[in-house]
Amino acid sequence: MFCGIDVGGTHTDAVLADENGIVATSKIVTDRNNLVGTIRESLDRILGQVNPGVVEWINISTTLSTNAIVEDKTEKVGVLVSSGPGVNPSGYEIGDNFRIIRGSIDHRGTVVQELDAKDMKGALKEFSKKGLKVFSVISKFSTRNPSHEGRLAELVQESGDYITQGHRLSGELNFPRRITTAYYNSAVWRLYNQFADAVEKSIAEHGVSAAINILKADGGTMPLDLSRMIPVETILSGPAASVMGIIALCHITEDSIILDIGGTTTDIAVFAEGAPLIEREGISINHRPTLVRALKTHSIGIGGDSLLSVTESGVQAGPERKGPAMAQGGDDATLIDAFNYSENAGVGDQAASVAGIRKLAEENGMDPGELARQAIQRAVNTITAEVNEVLEEINKRPVYTIHELLEDKHVEPKKLYIMGGPAEAFAEVLGKAFNLPVVIPAEFAVANAVGAALARTTRDIELLADTEKGQLIIPSLDVMKPVDEWFTLADAESEAQRYLLDYLKKMNADKGVVPEIVEASSFNMVDGFTTVGKNIRVKCQVKPGVLFTFGEKPEARNSGSGA
Amino acid sequence: MIQAKNRLGIIFFPAFDWAISPTHPEREERLLYTQDQLWEEGIFDIKGIREYKPDIATADDVRRTHFCFPDVDSVVTESHLISAGGAIRAARLVMENEADKAFALVRPPGHHAMKIVHGNRGFCNINIEAVMTEYIREHYGPKRIAIVDTDCHHGDGTQDVYWHDPETLYISLHQDGRTLYPGTGFIEELGGPNAMGKNINIPLPPLTSNEGFAYVIDKIVLPILDDFKPDLIINSAGQDNHYTDPITNMNFSAQGYAMLNTKLNPDIAVLEGGYSIQGALPYVNLGIVLAMAGVDYSHVLEPDYNEELMEQDREITQYIKKLAPRVLEAYFDPRAVAGSRGMVNSYYVRKKDVFYDTDGIREKQLESVMVCDECNGVLKVETVSSVNPISVGIQIPINSCSRCHREGYRMLEESKKSGKYTYIKFINRKDREYLDF
């Protein structure tokens, strides 16, 4: 059996599931000051009736790192940055201990200027005076040549409890994002490792010896041991858990829109041919873009509890939320109350909704039916406009070959999946607005925890081979080795797959994974009029997916006759 | 986070699957390292800078600008329509105020493509700035447009397309034609009788450095632009004046290009040539992007940059100083410089021999334009080349007077009746009519 726990900002959901469906669920309020306690209680509830030996893995999605970063409760980090020429690096300053070291590496990975010894000495002196214990070292083009990051790591080795080297976080090119990502990684490192220790202990106390995995924002997991080194990868995994949940609950094969409607916000996700879309470079936190891979989700301030108001520009719904709907004991009319009034949605105390809408209408000299209708229309318009914007952004995504530009692949949604508390109320009007068939998964209330339980390991790597230099590099796996001039694109693809699979095996995280090549290109490098080598680039990933889905074989699950 | 002063749209289209031939300078690899540099710098995370997909130019976009023989499809591939489409996208961003400025970082280039197209010259099939400029006029009304070409090679194509258009000021800064392809671009080439002085060439000596370019911009280009008062400034941003370029001999740097862009302050920039793909393009493109966005570019330096080697020879400085008054005179008093010759009745007539170096095509042209005080003048060009039999192109200008309009139709009927021409191309910009016979 597979266990998933989604520690959210308000609630913590947990499920235990196997191929036949959900075995146990739990929903408790998150104790933000004691996340481990919350996890322990969730485990108590779902493991209560089963033999702990049957649990194969426990997957946990946690807001720990996210909260620490957003609430600015992180450790001070000594940041060493080697920029070389380009954009003025002082624009990327982060934290209070940001030092620029002269030295540079170019786009081919050639060292142009050695690191400046005086700069390094000065930084080291300052950092030890301040008593810093964690560091991040980042150089421009370190994914092409990590030697300067290695040298900077050596410099702070002695006083460092942990040092993040930029190239190990991602093979993508983006120096400012590399700085931010490496900074946050070290900033949450200690806090996260304390949490990991406590979680490990607590799970052991439950007599469970299962593998422990941590959810990432890309909808995949990583082994707990790996997460200790790259805790930044645990940020913002919540929305991804819900998206993975809907994959497990419904068998999605087409272009689709997923709406997760909560009390305050609606999360939008888009699927292309049944697969969730991934952010091009990485997710942003604290308005700073990072290299943390994430599913493309978009949050807007419309939910069931969105406060209704009347202004000069008409009836408004949200983004403010004061409390629950009047139907659920709140003091002010919300969107749910409007649905109760005009659509007979049947949520909670319908009479309270009617009274609330009438009162608001009277105060503004409006017909209550008209007010409720306009409120719903406003909410629907906001959601459709946002979805269309997300679709437009996806469909306008730049491409770099004539072939792709002419092919002009478009995402055209065929189905609308709605989940979350107010899903039923919204379904009909949204279906009409999008002119799409609507699916509401039966067990959407715990979709996030189901997603966590069934999410597989993901990992992506980038390989670059430069046959003129005779060198192959996979930055995030710290692989660097020579290649000869006959090395081909096909060789590069199989090397990338082999290295990724070996790595996952070593991590004991290769269950059900298939590394696939997502991008592969080979450029002839010409000097004068002579071909001097090939510049080969390969991206290989284990893409987000679930171990199995329930939606595929609902008959088997209902009749209990499954294999 | 860095915030750009100007909203800048970048159309980046490296055409990673297209080359003239495997080892040709215009090959797949050309913008690879530029992409690496821009991505590594996180350019598109700078607030205010956004990346856009190119449009694909249509056959009509080409037909309103060029006479293509035997037809558009035969001389143009998808790669050209996309690179022209990239320029059009840049124009749309600016014209529709989605961006303050736009940079079409696209290939293949276009500034050697002339009004008549039989094939590829100097790596160019269609003139992407001209296709863009005419798209602007077609969709956003008449505009005074200045095209400032900072490619190292004389933009003989753009000069030819706008030779008779007084509403388009073409200024080319380039390595002197006596020392470099295409061997043209002298001060005396000032435009046809209806547009005299609206074609300005500034031939610069080899090894002109940042100092020389700055002087030319300050003392020649900006005063001329001040007088012309364009609605839009377009920069043909070739990057082969760079000191590392393998096929030219100038001494310009990434800092120089960024400085030039700041001074020129173009609304739209379009990449042209530039073939030092590792040593120059990543840095020059970065410099131009930052300059257009109004972001600090003082740290953009080539790995092998050496300030001492950038110093300009005194003789070159003197030469350029002497050039300035001659060019200014050419603009402000063009007839004194160019004189007037080649008149036949009301028509100004000239003969041209054109060589298409990339495709090895030879062409002969006989061009006549109505000398007209009221409009740009109806144009007729007879052409014969090593790939096409004698053919003709007739153009009624966008601002045509009734006489030139009538003349255009009369020429068309006469050409059809004569049976002399294998292909007849008819552009009527006034009524948006584009016909092939």
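What follows is a chat about a predicted model with chains A and B.

Q: Hi! Let's start with chain B. Which domains does the assignment give for it?
A: Chain B is assigned domain 1, residues 3-335, and domain 2, residues 343-436.

Q: How many Å separate their centres?
A: The centres of domain 1 and domain 2 of chain B are 27 Å apart, taken over C-alpha atoms.

Q: And how many residues are in contact between those two domains?
A: On the domain 1 side there are 25 residues, in contact with 30 residues of domain 2 of chain B. The domain 1 side divides into ten nonpolar, seven polar and eight charged residues.

Q: Nice. What's the strand order in the seven-stranded sheet of chain B?
A: That open sheet runs β11-β12-β13-β14-β15-β16-β17 in chain B, and its pairing is mixed. At the edges are β11 (343-344) and β17 (433-436) of chain B, each pairing on one side only.

Q: Which helix packs on that sheet?
A: Helix α12 of chain B, residues 402-418, packs there and touches β13, β14, β15 and β16 of chain B. The direction of α12 makes about 160 degrees with that of β15(B).

Q: What about B:Leu207, is its phi positive or negative?
A: Phi of B:Leu207 is positive, near 70 degrees, in a residue other than glycine. B:Leu207 lies in the loop between β8 and α7 (210-228) of chain B. It counts as partly exposed because it has 16 C-beta neighbours inside 10 Å.

Q: And A:Asp408, buried or exposed?
A: A:Asp408 is exposed, because 10 other C-beta atoms lie within 10 Å and the cut-off for exposed is 12 or fewer. Phi of A:Asp408 is near 50 degrees, again a positive value in a residue other than glycine. Its place is the loop between α11 (402-407) and β21 (415-419) of chain A.

Q: While we're on chain A, how many of its residues are in contact with chain B?
A: On the chain A side, 37 residues are in contact with 39 residues of chain B.

Q: Which element of chain A gives the most to that side?
A: β26(A) gives the most, with five residues. By class, the side of chain A that touches chain B has 18 nonpolar, 13 polar and six charged residues.

Q: Where is β26 in its own sheet?
A: β26 is at the end of an open sheet of five strands in chain A, ordered β25-β24-β23-β27-β26 with antiparallel pairing. β25 (479-482) and β26 of chain A are the edge strands, each with a single partner, so one side of each has no neighbour in the sheet. The twist averages 10 degrees from one strand to the next.

Q: Last one: how many bridges pair β26(A) with β27(A)?
A: Eleven bridges, in the antiparallel sense. One bridge pair across these strands is A:Glu519 with A:Lys539 of β27(A).

Terms used. Residues are numbered from 1 along each chain as its sequence is written. Chains are lettered from A and ligands numbered from 1 in the order in which they are written. This is a predicted model: local features need pLDDT of at least 70, side-chain atom pairs count only at pLDDT 80 or more; totals for chains, interfaces and linings use all residues. Two strands pair if DSSP finds at least two bridges between them. Helices (H or I, at least four residues) and strands (E, at least two) are DSSP runs, numbered from the N terminus. Two residues are in contact if their C-beta atoms, placed from the backbone, lie within 7 Å. Axes are lines fitted to C-alpha atoms, for helices over the stretch in contact, and angles run from 0 to 180 degrees between N-to-C directions. A residue is buried if 20 or more other C-beta atoms lie within 10 Å of its own, exposed if 12 or fewer, and partly exposed in between; C-beta atoms are placed from the backbone. Ala, Val, Leu, Ile, Met, Phe, Trp, Tyr, Cys and Pro count as nonpolar, Asp, Glu, Lys and Arg as charged, and the others, Gly among them, as polar. Domain bounds come from an automatic or database domain assignment.
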